[in-house]
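Reader: I'm new to reading protein models. Could you walk me through some features, one at a time?

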Amino acid sequence: MFEAIDLSLVNWSRAQFALTAMYHWLFVPLTLGTTFIIAIMETIYVKTGKPEWKKMTKFWMTLFGINFAIGVATGLILEFEFGTNWSNYSWFVGDIFGAPLAIEGIMAFFMESTFIAVMFFGWNKVSKKFHLASSWLVAIGANLSALWILVANAWMQSPVGTTFNPETARNEMTSFWEVLFSPVAINKFLHTITSGFVLSAVFVIGVSAWFLLKKRHIVMARKSILVAAIFGIVSSLALIGTGDGSAKQVAKVQPMKLAAMEGLYNGYEGVDLIAVGAFKSTSEESNDAMKDFLFKIEIPNFLSFLAFGNWDAFVPGVNDLINGNPEKGIMSVHEKIDRGKIAIEKLTAYKEAKKNGDEVLSSSLVNELTSENFQEDYFRYLGYGHVNDTNFLIPNIPLVFYSFHVMVMLGFLFLLVFVLALWWVLRNKLDSKKWFLLIAIFTIPLAYLATELGWVVAEFGRQPWVIQDLMPTTTAVSQISAVSVQITFVLFAVIFTTLLIAEVGIMIKQIKIGPKDEGGTKS
Amino acid sequence: MIIRKVFDFYVEGFKRMTWGKTVWVIILVKLFIMFFILKLFFFPNILKKKFTTDEERSNHVLENITNTK
């Protein structure tokens with residue numbers, strides 16, 4: 001199959017999806033976290049009645065509003081791409097994507113049109129408590145909106161709660177709750193939103209640090225840093241916990257991704273975790289060529305513990321997953337390919353029987369294809385039936401490895417920034433730490449980098465699968481012209497870059513204006 | 001009466017906007033580009049465009065997911 005597909009079409013379609021998803025993700029995480037920071041500030045205002053908290057709430061609301069408005073609906077472009085560039089995939093996933101996205105659409109519409117309006121237009125028009133409730137509902141609603149798309153994404157990483165119906169060529173949901181509460185979905189949702197919280201805390205601290213450096217709005221800046229630092233510390237701890245949960249799920253359902261994240265080629269018992277490392281540069285381009293480390297600092301047995309809760313657990317490497325390891329119960333890729341081919345042969349036989357009008361045979365094949373045993377033993381390896389070269393099953397290891405390690409290191413850097421900011425702001429010494437205030441400002445782009453790298457790990461790490469083990473990208477892609485994808489790629493790059501420039505420009509302008517005194521309640 | 005109040009609430013809110021007006025212009029231009037240019041001219045739903053019935057669509061996808069050549 002791989003040889004017959006125009007790889008340039010697949011690669012351009014992937015690149016376009018990556019571009020739009022990553023641009024979309026530049027807007028989302030700030031919304032997830034700032035809404036909670038705003039709600040906390042407004043709660044303090046309602047509790048204390050002190051006007052500076054209201055002023056502060058309104059200032060951060062303005063920045064949230066700009067980000068929300070520019071980013072809103074950018075995710076819809078991804079849905080356009082599903083229908084055009086990934087039509088086989090779109091059809092194959094059936095209502096797995098449709099149901100969560102419909103819920104998201106309805107929820108987002110009602111929450112956003114109602115409570116955001118109250119948030120921005122409702123000052124002095126509704127009671128303080130109703131306004132506060134609206135702010136909290138916006139925060140909860142924004143995060144719940146993210147839940148549904150992340151549930152859909154989690155299903156692609158670990159397809160559960162569904163069965164394939166050969167008559168419609170679609171996967172059908174057998175248990176909505178199994179899809180919603182799959183451990184991968186829960187961890188993905190929690191890890192993603194907490195990463196948004198951390199980014200937002202970094203943003204609030206960075207902007208406030210700028211005010212302190214400029215000696216403007218000092219009281220507001222200190223109080224904002226106080227709230228954001230506490231929020232950031234709590235979120236960072238939650239992020240570490242959910243990251244651990246996500247890694248355990250990856251070890252279970254996507255072991256190749258874990259091997260790539262750690263650059264682990266040969267598995268063993270009691271695997272060390274690479275805290276810091278770099279690969280030797282090599283002229284060998286082949287993806288399956290083992291990469292040696294130039295240097296690495298390891299924590300003994302820690303990967304085994306993190307992945308399986310056991311210091312001596314066996315963690316499979318790339319070679320174990322490709323060649324199999326019967327002693328550890330790991331099936332070889334060749335065995336999976338054979339099983340995938342059997343699934344394809346059965347589907348082909350069904351297709352022919354249907355075409356020939358042989359009702360008896362097609363009905364018997366439907367029963368066989370949908371039987372629990374066949375689904376479990378063969379159909380779950382369907383995607384492998386398209387693989388002729390095992391090299392395609394290995395993700396880009398250096399890319400996944402570096403993305404993962406840089407993301408983790410930045411996560412700990414942000415925690416350090418929050419702790420130091422809190423320590424100094426409580427001791428009233430933050431204003432004099434100019435070097436730290438500068439670092440806090442430059443941490444803002446690093447937070448965006450970290451959150452984007454998280455997606456690089458999640459999505460590049462699962463290549464070549466668009467749906468884990470069931471559908472490779474080469475089967476998912478539509479048979480359209482690669483040139484048309486290239487044109488829309490450029491169009492998107494232009495549109496999104498313009499939006500980003502607009503957002504950054506308007507935001508910088510508003511930051512420079514700063515918070516308005518009471519009476520300046522306009523939005 | 002309530003509908004009127006809600007309507008007035010939104011109208012007044014929009015009228016009182018300052019920076020919000022610029023943002024609304026961006027939103028409207030963005031939505032116009034997305035739905036009236038990109039969706040209409042560049043992003044047709046391939047299966048809907050090529051086939052008229054769901055059976056044809058499922059046969060097409062079945063063909064693709066069983067094609068190993």
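Predicted model: local features only at pLDDT ≥ 70, side-chain atom pairs only at ≥ 80, totals over all residues.

Reader: Okay, rings. How many aromatic pairs does the structure hold?

Author: Over all chains there are 43 aromatic pairs. To sort a pair, look at the angle between the ring planes: over 60 degrees counts as edge-to-face, and under 30 as stacked. Take Trp435(A) and Phe436(A): their planes are at 80°, with the centres 6.0 Å apart, so this pair is edge-to-face. Now try Phe32(B) and Phe36(B): here the planes are at 25° and the centres 5.5 Å apart, so you'd call them stacked.

Reader: How far apart are Phe32(B) and Phe36(B) in helix α2 of chain B?

Author: They are 4 residues apart in that helix, which covers residues 19–42, so about one helical turn separates them.

Reader: Which residues form an aromatic cluster?

Author: One cluster is made of Tyr23(A), Phe80(A), Phe492(A) and Phe496(A), together with Phe35(B) and Phe43(B). Arg427(A) lies over the face of Trp423(A), 3.8 Å from the ring centre. Likewise, the charged end of Arg339(A) sits over the ring of Tyr378(A), at 5.9 Å from its centre.

Reader: On to strands. In which sense do β1 and β2 of chain A pair?

Author: First, the general idea: side chains in a regular strand alternate between the two faces of the sheet. As for the case here, strand β1 (residues 162–165) and strand β2 (residues 170–173) of chain A pair in the antiparallel sense, over 4 bridges. Thr162(A), for example, has Met173(A) in β2(A) as its bridge partner.

Reader: Which other residue has a positive phi without being glycine?

Author: Asp469(A) does, with phi near 70°. You'll find Asp469(A) in the loop between β7 and β8 (471–472) of chain A. At 13% relative accessible area, Asp469(A) is buried.

Reader: And where is there a cis peptide bond?

Author: Check omega: the bond from Gln463(A) to Pro464(A) is cis, with omega near 10°. Pro464(A) is in the loop between α17 (434–460) and β7 (465–467) of chain A.

Reader: Last one: which residues form the nonpolar patch on the surface?

Author: Val483(A) and Ile487(A) are in it, along with Phe32(B), Phe35(B), Phe36(B), Ile37(B), Leu40(B), Phe41(B) and Phe42(B). Together they have about 890 Å² of accessible area. Both α19 (482–513) of chain A and α2 of chain B supply at least two residues each, but α2(B) gives the most, with 7. To be in a patch, a residue needs over 30% relative accessible area. Phe42(B), at 31%, counts as partly exposed.

Definitions and conventions
Residues numbered from 1 in each chain as written. Chains lettered and ligands numbered in written order. Heavy atoms only, no water. Phe/Tyr/Trp six-rings, centres within 6.5 Å; stacked < 30°, edge-to-face > 60°. Lys NZ or Arg CZ within 6 Å of the ring centre and 35° of its normal. Pairing = 2+ DSSP bridges. Patch = residues over 30% accessible without salt bridge, like charges linked within 9 Å, V, L, I, M, F, W, Y side chains within 5 Å. Areas by Shrake-Rupley, 256 points an atom, 1.4 Å probe, with all protein chains shown as cover. Salt bridge = Lys/Arg side-chain N within 4 Å of Asp/Glu carboxyl O. Buried < 20%, exposed > 50% of the residue type's maximum accessible area, 1.4 Å probe, protein only.
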